[in-house]
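Colleague: I am new to reading protein models. Could you walk me through this one, feature by feature?

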Amino acid sequence: MGRPGLAVLDSNGRGFVGELMRRAFLIAVPYVWLLALFLVPFFIVLKISLSDTALAIPPYTPTLDLSQGWSGITEFFSQLDFENFVWLTEDDLYWKAYLSSVKIALIATIFTLIFGYPIAYGMARAPEEWRPTLMMLIILPFWTSFLIRVYAWMGILSNEGYLNQFLLWIGVISTPLTILNTNTAVYIGIVYTYLPFMILPIYSALERMDESLIEAAEDLGCSRIQAFWLVTIPLSRPGIIAGCFLVMIPVIGEFVIPSLLGGSGTLMIGKVLWEEFFSNRDWPVASAVAVVLLLILVVPIVLFQRNQQKQTEAEQ
Amino acid sequence: MTIKTLTLTAVIALGTSAAFAEEVRVYNWSDYIDEDLLKKFEEETGLTLVYDVFDSNEVLETKMLAGGSGYDVVVPTGTFLQRQIQAGAFQELDTSKLSNADNLWDVIQERTAGYDPNNAYSINYMWGTTGLGVNVGKVKEVLGDDVALNSMDLVLKPENMEKLAACGVHFLDAPAEILPMTLQYLGEDPDSHDKDVIAKTEEVLTSVRPYIQKFHSSEYINALANGDICVAVGWSGDILQARDRAVEAENGVEIEYHPFAEGSLMWFDQMAVPVDAPNPEGAHKFLDFILDANNMAAASNYVYYANGNKASQEFLEEDVIGDPAIYPDETTMQNLYITTPYPQKTQRSVTRLWTKIKSGT
């Protein structure tokens with residue numbers, strides 16, 4: 001795929017045609033990326049979501065048989081239907097799970113922002129020579145497997161865990177708190193895991209900010225707090241929005257944290273998907289759940305992008 | 001340049017094919033073997049053993065039905081094995097390559113033939129029962145000294161569970177185990193495939209649901225051993241392992257395993273070779289190694305599960321072969337029941353019921 005493109009690049013400067021091909025190549029790269037890593041897998045999932053289950057390898061039918069030629073293809077398409085999507089509307093489990101996932105993701109994102117913003121702010125205001133070290137400290141947890149870090153929280157939060165032992169020792173509580181296997185533990189796990197994804201974009205927005213703007217605001221009669229609300233927050237808004245998206249979107253589909261830290265009452269779409277896929281062996285319905293989840297995630301992203309575009313146009 | 005690339009490709013190709021021939025990939029349940037046996041197998045055969053673990057039949061089944069799992073030996077439970085054989089996921093065993101096959105125990109073979117006709121596709125690895133793991137001290141503290149530690153009442157009666165909730169109760173996250181158990185409690189056929197009969201379990205399980213801390217199929221071993229929970233509905237050998245871990249930790253936790261007095265589910269974990277196994281030759285070598293009486297006895301002595309290997313019994317330690325929780329006596333045997341796989345439609349309603357019981361929706 002890449003080789004002819006490279007050849008075109010080599011012929012760079014050979015006049016109009018060469019330039020045109022170079023441009024086409026540069027534009028093609030992201031589209032090929034999108035096609036190979038997003039659209040193709042999506043259509044495979046979409047195709048499975050229109051199939052029926054079967055006791056076979058793979059466990060759904062029909063499968064595309066190209067050896068039959070055109071009749072095989074038409075036969076294949078005639079067997080696809082939207083039955084599985086209808087099924088999703090018939091059982092309230094699914095929309096409850098979607099709703100509960102969005103709720104958990106929203107609350108967790110707000111908490112991540114509350115904890116992440118002051119950290120990012122502190123980093124951006126720290127003396128220049130400290131910043132690489134602080135940045136390093138934020139990134140450092142990624143050196144340990146995410147799974148192990150979530151497991152560590154199980155040790156901290158369990159009834160006989162470090163947190164309870166500590167609280168009992170200092171005498172704040174007399175009986176251990178049940179935190180593990182509840183939604184509280186899920187929130188703790190999500191906020192902890194996703195904190196760097198909130199801090200880094202906000203930090204990069206704050207770091208670029210011109211400090212003299214704050215001085216100007218203060219010269220014009222703002223108190224420090226007013227200057228923060230009227231200048232710093234609006235200027236860091238792109239960072240906040242990027243951070244919130246980076247946290248919220250993966251959290252909606254999160255599976256590992258709720259299954260390790262959450263209780264059986266923690267209803268999230270990731271778990272429902274798991275059950276469809278593994279317990280029911282119903283790949284078609286599992287795929288339908290995934291397709292709907294994708295639509296739920298894509299809509300706010302598209303709305304957000306439109307909004308951004310309008311804003312940049314308005315600014316120009 | 002081209003020649004270099006060609007040679008390199010050839011070397012890589014040779015390298016990978018050689019690596020496949022030398023490797024046997026085994027996918028078994030977690031905490032289910034004495035790891036010294038794995039080293040012994042490598043030493044005896046010169047093959048490299050890749051040993052991965054899982055903790056639910058569902059995960060294994062999905063890998064099998066997706067195909068191309070890359071494993072040479074896998075260990076599904078009987079009911080799952082039966083369905084996967086129907087899906088064409090396994091290859092028939094070549095008995096000429098299993099020199100130790102005579103060691104198998106006819107009593108178990110007769111039962112496993114119900115899942116795998118003529119035992120053509122699998123050999124029994126271990127079998128066990130599903131019952132109660134109790135932290136004796138804590139349970140007696142909560143429910144009094146004369147509580148029956150082997151009764152389903154302990155975990156299916158709300159008044160008991162209400163008190164036990166404070167010290168923690170785990171259930172297996174396996175509807176195919178918990179629903180038959182509840183049916184048995186209700187006096188129904190535990191192997192019922194009738195949706196309406198199965199639905200009767202909802203009321204019982206919902207009434208105790210608020211007091212169950214977690215449904216999980218492997219965490220309870222450590223949770224019991226650490227004293228984090230006081231009761232688990234779990235698999236016999238796992239609970240006995242928890243007992244031993246607590247003894248080793250010297251933390252004062254005393255764990256006991258009891259099959260249900262009302263009758264327990266008996267299950268069989270079978271070793272089988274996937275139809276697309278990269279190294280079926282090596283897979284048979286591994287099966288034959290496991291069939292060896294000494295090796296099988298070592299595995300059972302380590303994990304506290306009974307096995308389907310008659311010849312291994314003389315090498316079993318007294319606290320394994322002599323423990324009725326592992327090798328049940330004749331009367332307990334009579335009390336054990338087995339189940340068969342649910343058809344797809346029933347499976348869907350069973351899973352849905354299970355979700356409803358677990359999450360309340």
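Colleague: Which residues in α15(B) are buried?

Modeller: First, some ground rules: this is a predicted model, where local features need pLDDT of at least 70, side-chain atom pairs count only at pLDDT 80 or more, and totals for chains, interfaces and linings use all residues. Residues are numbered from 1 along each chain as its sequence is written, while chains are lettered from A and ligands numbered from 1 in the order in which they are written.
A residue is buried if 20 or more other C-beta atoms lie within 10 Å of its own, exposed if 12 or fewer, and partly exposed in between, with C-beta atoms placed from the backbone. Helices (H or I, at least four residues) and strands (E, at least two) are DSSP runs, numbered from the N terminus. In α15(B), the buried residues are Asn295(B), Met296(B), Ala297(B), Ala298(B), Ala299(B), Ser300(B), Tyr302(B) and Val303(B). That is eight of the eleven residues of the helix (residues 293-303), so α15(B) is largely enclosed by the rest of the structure.

Colleague: What do the buried residues of α15(B) pack against?

Modeller: Their partners in chain B are α2 (35-45), α13 (236-249), α14 (280-291), β10 (306-307) and α16 (318-321). Just after the helix, Tyr304(B) has a positive phi of about 60 degrees.

Colleague: Which residues touch the most other members of the largest nonpolar core?

Modeller: Here is the general idea: in soluble globular proteins, nonpolar side chains tend to be buried together. A nonpolar core is a set of buried Ala, Val, Leu, Ile, Met, Phe, Trp, Tyr and Cys residues joined through C-beta atoms within 7 Å. The largest one here has 104 residues, and Val73(B), Val155(B), Leu224(B), Val231(B) and Phe286(B) touch the most other members. Domain 1 (22-125 + 268-327) and domain 2 (129-266 + 338-359) of chain B both contribute residues, so this core lies between them. Those domain bounds come from an automatic or database domain assignment.

Colleague: How many residues of the two domains of chain B are in contact?

Modeller: Two residues are in contact if their C-beta atoms, placed from the backbone, lie within 7 Å. By that rule, 13 residues of domain 1 of chain B are in contact with 16 residues of domain 2 of chain B. Helix α4 (residues 78-86) of chain B gives the most to the domain 1 side, with three residues.

Colleague: And how many residues of chain B are in contact with chain A?

Modeller: There, 28 residues of chain B are in contact with 23 residues of chain A. On the chain B side, α18(B) gives the most, with seven residues.

Colleague: Where in chain A are there cis peptide bonds?

Modeller: Look at the omega angle. One cis bond joins Ile57(A) and Pro58(A), with omega about -10 degrees, and Pro58(A) sits in the loop between β1 (52-53) and β2 (60-61) of chain A. Another runs from Thr61(A) to Pro62(A), with omega near 0 degrees; Pro62(A) is in the loop between β2 and α3 (70-78) of chain A.

Colleague: Is Arg281(A) buried or exposed?

Modeller: Arg281(A) counts as buried because it has 24 C-beta neighbours inside 10 Å. Its phi is near 50 degrees, a positive value in a residue other than glycine. Glu250(B) also has a positive phi, of about 50 degrees, although it is not a glycine. However, Glu250(B) is exposed, with 7 other C-beta atoms within 10 Å.
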